Amino acid sequence: MLSQQDQWGELWTSAGAPYGSLHASKCKEQFSLAFTHAITAASRCKISDLRVDDERVDYTMRQVANHRRFSSSTVDVQMKCTEQDVLRDDGVHWSLDRSHYDALRDLRTYNRKILVVLLVPHRLDRWLETQEEGMLLRKTAYWVCLEGHEPIETASKTVVLPRVNVFNVEQLLGILQRVGDGGQP
């Protein structure tokens with residue numbers, strides 16, 4: 001479904017229906033929530049959407065399963081979503097301000113934390129495709145655990161989320177198993 005843009009910059013579907021006026025940053029926030037919920041549900045796990053982001057955490061994911069150390073595991077997620085061209089050969093290069101970086105590298109928190117960056121197409125009308133045989137959410141997300149990383153003196157730091165760390169069902173279950181076994185994500 002291709003959209004059209006009128007002379008005032010408003011988007012219209014190919015059928016002539018106008019898109020809503022939700023700001024692009026809020027669209028990314030909502031899309032990343034849907035993406036995360038889909039991964040979590042397919043993993044047979046639970047997700048809590050935190051209403052206040054004062055700890056640099058957007059979601060908490062929880063799994064009840066018998067691991068080596070714990071009968072359940074939890075991981076906190078700082079979620080970002082972008083259409084920027086940040087994917088390189090080695091992974092996603094993402095700039096974090098010092099307060100986000102420090103919160104994600106802190107070893108003194110009770111729950112383990114990861115950073116997840118969801119990449120989406122430049123055009124909003126290409127983020128989602130629905131057909132009779134299924135729904136396709138475009139593109140994909142990558143994750144990294146920054147716990148224990150060195151402090152910085154600068155205002156920001158670019159971190160690399162490795163290409164092998166695709167945030168999907170298998171990787172989420174692996175993260176939760178490692179945490180449930182007493183380790184880091």
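**Notebook: cysteines, rings, sheet, salt bridges**

I began with Cys-27, which counts as buried at 17% relative accessibility. The model is predicted, and I read every value with that in mind. Cys-45 is buried too, at 13% relative accessibility.

For Cys-27, the closest cysteine sulfur belongs to Cys-81, 9.7 Å away. The cut-off is 2.5 Å, so the sulfurs of Cys-27 and Cys-81 are too far apart for a bond.

**Aromatic rings**

I searched the whole structure for aromatic pairs and found one. Phe-31 and Trp-127 make up this pair, with ring centres 5.1 Å apart and 50° between the planes, which is a tilted arrangement. I then checked where the two residues sit in the chain. Phe-31 belongs to helix H1 (residues 24-42), while Trp-127 lies in the loop between strand E7 (112-119) and strand E8 (128-131). The pair links distant parts of the chain, 96 residues apart. Are these residues buried or exposed? Both Phe-31 and Trp-127 are buried.

**Sheet and helices**

I traced an open sheet of five strands, ordered E3-E4-E5-E7-E10, with mixed pairing. Why are E3 and E10 the edges? Strand E3 (46-49) and strand E10 (141-144) each have a single partner strand, so one side of each lacks a neighbour in the sheet. From one strand to the next, the twist averages 30°.

I looked at one strand pair in detail. E4 (residues 59-64) and E5 (residues 72-82) run antiparallel and are joined by six bridges. I noted one partner: Thr-60 bridges to Asp-76 in E5.

Then I placed two helices. Helix H2 (residues 98-105) lies across E5 and E7, at about 130° to E7. Helix H3 (residues 169-180) lies across E4, E5, E7 and E10, at about 140° to E5.

**Salt bridges**

I found eight salt bridges in the structure. I examined several of them.

- Lys-26 pairs with Glu-29, the closest N and O atoms being 3.6 Å apart. The two are three residues apart in helix H1, so about one helical turn separates them. Lys-26 is partly exposed at 40%, and Glu-29 is also partly exposed at 40%.
- Asp-106 meets Arg-108 at 3.3 Å, N to O. Asp-106 is partly exposed at 22%, whereas Arg-108 is exposed at 76%.
- Asp-125 meets Arg-123 at 2.8 Å, N to O. Asp-125 is buried, with a relative accessible area of 9%. Arg-123 is partly exposed at 33%.

Definitions and conventions: Residues are numbered from 1 along each chain as its sequence is written. This is a predicted model: local features need pLDDT of at least 70, side-chain atom pairs count only at pLDDT 80 or more; totals for chains, interfaces and linings use all residues. Side-chain values use heavy atoms; hydrogens and water are left out. Buried means under 20% relative accessible area, exposed over 50%, partly exposed in between (1.4 Å probe, protein chains only). Rings of Phe, Tyr and Trp (its six-membered ring) pair if their centres lie within 6.5 Å; planes under 30 degrees apart count as stacked, over 60 as edge-to-face and the rest as tilted. Helices (H or I, at least four residues) and strands (E, at least two) are DSSP runs, numbered from the N terminus. Two strands pair if DSSP finds at least two bridges between them. Axes are lines fitted to C-alpha atoms, for helices over the stretch in contact, and angles run from 0 to 180 degrees between N-to-C directions. Contact means heavy atoms within 4.5 Å. A salt bridge is a side-chain nitrogen of Lys or Arg within 4 Å of a carboxyl oxygen of Asp or Glu.
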